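Trainee: I would like to understand how the terms used for a structure follow from its values. Could we go through them one by one?

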Amino acid sequence: MLPVRRTDPAHDTALQTVLDRLTGGLQGGQDTPDGWITARRVLPARAARYAPFPAGLDESVRDVLRARGIDQLYAHQALAVAHALERRHVIITTPTASGKTLCYNAPVLSAIRRDPSARALYLFPTKALAQDQLAELHALAELLSPDTDGIGVFTYDGDTPQDARRAIRGRAHVVLSNPDMLHSGVLPHHPRWAKLFDNLRYVVIDELHAYRGVFGSHLTNVLRRLRRICRHYGSSPTFICSSATIANPRELAEALVEEPFELVSENGAPCGEKAFLFVNPPVVNRQLGIRRSYLAETRRVAGEFLKRGLQLIVFAQSRLATEILTTYLKDDFEGPAGARERIRGYRGGYLPQRRREIERELREGSVRAVVSTSALELGIDIGALDVCVLAGYPGTIAATWQRAGRAGRRSGRSAAVLVASSAPIDQFVVRHPAYFFDASPEHALINPDNLHILVDHVKCAAFELPFTASEPYGRHDVQEVLGVLAEHGLVHRTGDADGTWQWTSESYPADAVSLRSISSDNFVVVDTTRGSDVIGETSFTSGPATLHDKAIYLVEGRLYQVERLDFEGRKAFVREIDCDYYTDAITYTKVQVLETCEAPDAPDAADPATTASHGEVHVSSRVVGFKKIKFYTNENVGSGELDLPEQQMHTTAYWLTVPLGVMAALPYAADDRRDGIVGLSFAMRQVAQLLLMCDRHDIGISVEAGSDAETHMQEPRVFIYDNYPGGIGFSAPLYAMHADLIARTRGLIAGCACEHGCPTCVGPVGNTGPLAKTVAMRILDLLGTTTAEQLSA
Amino acid sequence: MSTLAERLRGVVRSGGSASPGPPCVPVRRPGAAEAEEGPDPAGGLAALLDGEWRESSGQRYLVIDRTYPPGHRHGRIAVADAAPGGEGGWPVLSVVAAGVGPGRMLFFDLETTGLAGGAGTCAFLVGCGWFDGPAFRIRQFLLARYGAERGLLDEVAALARGAGAVATYNGKTFDLPLIETRFLFHRMDTPFAGMPHVDMLHVARRLWSGGLEPTGADTATSCRLAEIEQSVLGHVRAGDVPGCEIPSRYFQYVRSGDGRPLAAVLEHNRLDLLSLALLTARTAGLLDGGAEAAGSAREALGLGRLYRRDGRAREAEASFARAAAMTSEADAQTAAAAWHAYATSLRHARRYEEAAAAWSRVMGLRACPPRLAQEASEALAVHHEHRDINLRRARDLARQALELTGSPGRAHAVRRRLARLERRLAAADLF
């Protein structure tokens, strides 16, 4: 169902020429971490593997597929369709452009053809994706039953007009929606959706990898509620999920749906040879570890491909970077004014009409290069391009492969180039190519039984249908949860023998629960430049650090300064300004261990495992000041003090305890030893983020520097905690990856070319002392190699 | 380490926003003093609320019947004077709701566990009223146990099916969708599907909103039933339960079994039904009597609007004429609105000279709202430009209109008219 492109030998030659020019003849295989090109790999071409239509597929669906030129399926499609037709839950993980929509559209339409009362629900992580799928599904449905009262396919989301909703509830065979709408707009109104729940045959969850962390933990609970309502109506839907390549797709699907899944991961679609290059911009200031701008480098690399007529996509990490790169490339390659645009930008803020136009012109080939944020990473159809240039590491292995998959033809060559920024993660990846190419992609982690999340959804579930006295829900004893809710008057257990829990509150609980965060409390950002417009919001936990007085707040590349933070009213009043710096809050964080789950009896450097622990902690943090950091150079150009209320939370943490013996073996002054610990924690945070496949703000760090060796003899500790109340399950896995964490942290610091520390390894010199890097390395060496005997000797 | 329950308590306490907001009176906690009702609080409930138990598949709900005799007065009105006679309905109400016939009108009002809607919002009290000859009867269904809802709804449906139409106060957006959800929840057909429905909130807005007394000052535009019943029917409630307190009173009963807090809720519901019935009767009386029946300028104006909405131009014009005649300078807003409506309906009837006279009245009012004055001067400018050809007068009026214009689009149109008039005047001066 994807446009088949002709093979053009001229393309292949042009591509080869550019690659040779860029690499200077460097062949695949040998990595050169210190070079400009750190790695060049070639992923071989793969031939197609086909399979006939599965037996259960309705004849009319086969006819429609044949009419579109599809006489047989790719092997993975056939397998997935067969599982779905036989009502087995299935998770499909194959790369971009392997025809995965057919894997769910075919069984769904087949089921509706055979039984017109059958219904299906599709969930996409964004509204835009649902819109995108609507067109394709509509076309298929139309071909299948051209009559007006044929197969109804509708999107149902926050944009659906009120007066259209009733008609959709009555007429839709397939409802395309998102988890947020299901949570707050469909499940609480299930009586009005009785037709859907009576006959719900399939639930399709696309882009399953998007549901990790908090969002995934919430989704599990939304699906628990969905399946609870289906049981009430007597239906039992089959789940068809698709995911980008992650390490544990089946585990994630089973964690989200809480049922066994079949995994389909062998891609049967053909693809041509693909070259993958890692580019590290050259160092321009060795002492401070400053490299040439990665945006300038990206411009150069993209230009090489464009000059030879190759079509490409550039992924940038932010909206600002997207706009900057678009401007650069337009300057270099756009024809005379008024000519057809060959270079386009693409990001979330653009109007849908404009986005459709860009997508079409990409497919047609008149747009030669598009610069995009992650907006084009998900399954929007733009055809297959020649080259993908990644300006900055996308943050995870999975996202990198998915973006790189935007370039690649069924036959013929393609290329992907990663241009590293000076961010620590980028530098780690680009200097350790094996980490990316050979390691498995990240694990997606969720913790649906986080009490904060669980309690919110138990409320929603109780609103939807009364709980019975024996009904299970989640891992904890839901009767106990209900008992506590009853103490607060939210539910009441009826006095009958088989008592049920009735919702006894005026509130509509789903309204107070946002799936994209744990706490629904937030700060809104009000722009007072012209009147008072709300331009953004921030979670309660990150509010003080990003919206304190005089903080610089960025939206779409525009700079705003916070004039006043109304902490009680949860509002920050900002005004647009023009300046060349941003702010970084200084937060004092104190972690107190409440309960240790797994820990050594006594930390012993001889056995690295004994220095790690994880458990429950109490985190109190206070923003005490901020620094002004100059754009591009990251110079510290000023600071300020702040007095904000302390925030507290109960969460989970992993921590490293540095044995006293190790500290004693360090031939440095107390201050330098402390700097070493701080620098070590800075580097560990970067690596932990990498290992956990999480965003920067998902984890927090705190250092307990220990006290003077002479007086108290307390071991220093480095805490890496879940930055969400209750924790969302990062700590135990991090504990399990402890050895890897230490080894990679050592690799990061050792591999960094700077002299005394830089933002890439232990933090900029201004932050930590001059010996931070040296001491941190010594600590890691001692942790890794020293034995207890040597220490005591 | 804390137990699960302790941690849960911490989570629920900190959860904040999803827990109920502060009720407008403190809710007494279960197990509080008055829970020691008697050995059989359920039996006590029937006696307390003067109702009768019904049972359906082992679950009981309470039915409370009341009859208001013909002589019962609700404010200034006696029940008998409001009664429609015949089958218990008013065919004339088809002016405000399509399909209303002579069949019995069912007055319908719910008390619910919340305003949010959705599967977790219940109607714990279903109030139904109807005229039975010269008397008014009310039957209330109280959900004493959640499990009894299906049986309760069965009986409500049976009662509703005997009606020809239903009247509510804000039922279009609240009561009917909510009860429909309850029927759907139990997979039952709703008896109200396709039934003609008079939503008196919308009628009251047209007829009576803004208060009826021409105080001259800014009048509150509230359309709450309690306020309308006071101003139209002259009924003043004493000791009524505030609406926001109603759900918490029910929850209090559910937890403690003590029905005393419910007595006032039942009375509140009965008064709502009675007022709803008498306001509906008043509306029918106005529609029957036409313009002459209106008791005030505002009422006549509102009546005209009801007629106009139903496409009855002649009756509308008569009502507007009466409204205009009844206005006084003291209530400038009503006067302006009445003359404006009258002028508009005359223009629609192509009675241009009379319309022009009415527009002049609008302009002549002291304290005429600028928007209406603008429209009037523009309408008169048109009149003097095209019909009663007086270009200078037309130009002066257009200038006046321009001064009063607020919207850019309108101003543009007036400017073009003004320019044209200036040209024509200049041309006329040449000859």
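Mentor: Let us begin with strand β11 (residues 274–279) of chain A in this predicted model, a strand that is mostly covered, since six of its six residues are buried.

Trainee: How do you know which faces of β11(A) are covered?

Mentor: Buried residues are found on both sides of the strand, with K274(A), F276(A) and F278(A) on one face and A275(A), L277(A) and V279(A) on the other.

Trainee: What makes β1(A) and β11(A) a pair of strands, and in which sense do they run?

Mentor: Two strands pair if there are at least two bridges between them; strand β1 (residues 37–43) of chain A is joined to β11(A) by six bridges, and therefore they count as paired, in the antiparallel sense. Within this pairing, A39(A) has F278(A) as its bridge partner.

Trainee: Which bridges and partners link β11(A) to β18(A)?

Mentor: Strand β18 (residues 414–419) of chain A pairs with β11(A) over six bridges as well, but in the parallel sense. Here F278(A) stands opposite L418(A), while L277(A) has V417(A) as its bridge partner.

Trainee: Why are β1 and β15 of chain A called edge strands?

Mentor: The open sheet has seven strands in the order β1-β11-β18-β17-β14-β16-β15 (chain A), and its pairing is mixed. Both β1 and β15 (343–346) of chain A pair on one side only, which is what makes them the edges. Direction ignored, neighbouring strands of this sheet are turned by 15 degrees against each other on average.

Trainee: What packs on the sheet?

Mentor: Helix α14 (residues 397–404) of chain A does, touching β11, β14 (312–316), β17 (387–391) and β18 of chain A, and its direction makes about 145 degrees with that of β17(A).

Trainee: Why are α9(A) and α17(A) called roughly parallel?

Mentor: Helix α9 (residues 213–233) and helix α17 (residues 451–464) of chain A pack at an angle of about 20 degrees, with their axes 10 Å apart. Angles under 35 degrees count as roughly parallel, so α9(A) is roughly parallel to α17(A).

Trainee: Which residues make the contact?

Mentor: Among them are S217(A) and R225(A) of α9(A), and L454(A) and H457(A) of α17(A). The residues of this contact divide into five nonpolar, four polar and three charged.

How values were computed:
Residues numbered from 1 in each chain as written. Chains lettered and ligands numbered in written order. Predicted model: local features only at pLDDT ≥ 70, side-chain atom pairs only at ≥ 80, totals over all residues. Buried ≥ 20, exposed ≤ 12 C-beta atoms within 10 Å, placed from the backbone. Helix = DSSP H or I, 4+ residues; strand = E, 2+ residues; numbered from the N terminus. Axes fitted to C-alpha atoms, helices over the stretch in contact; angles between N-to-C directions. Contact = placed C-beta atoms within 7 Å. Parallel < 35°, antiparallel > 145°, perpendicular 65-115°, else oblique. Nonpolar A, V, L, I, M, F, W, Y, C, P; charged D, E, K, R; others polar.
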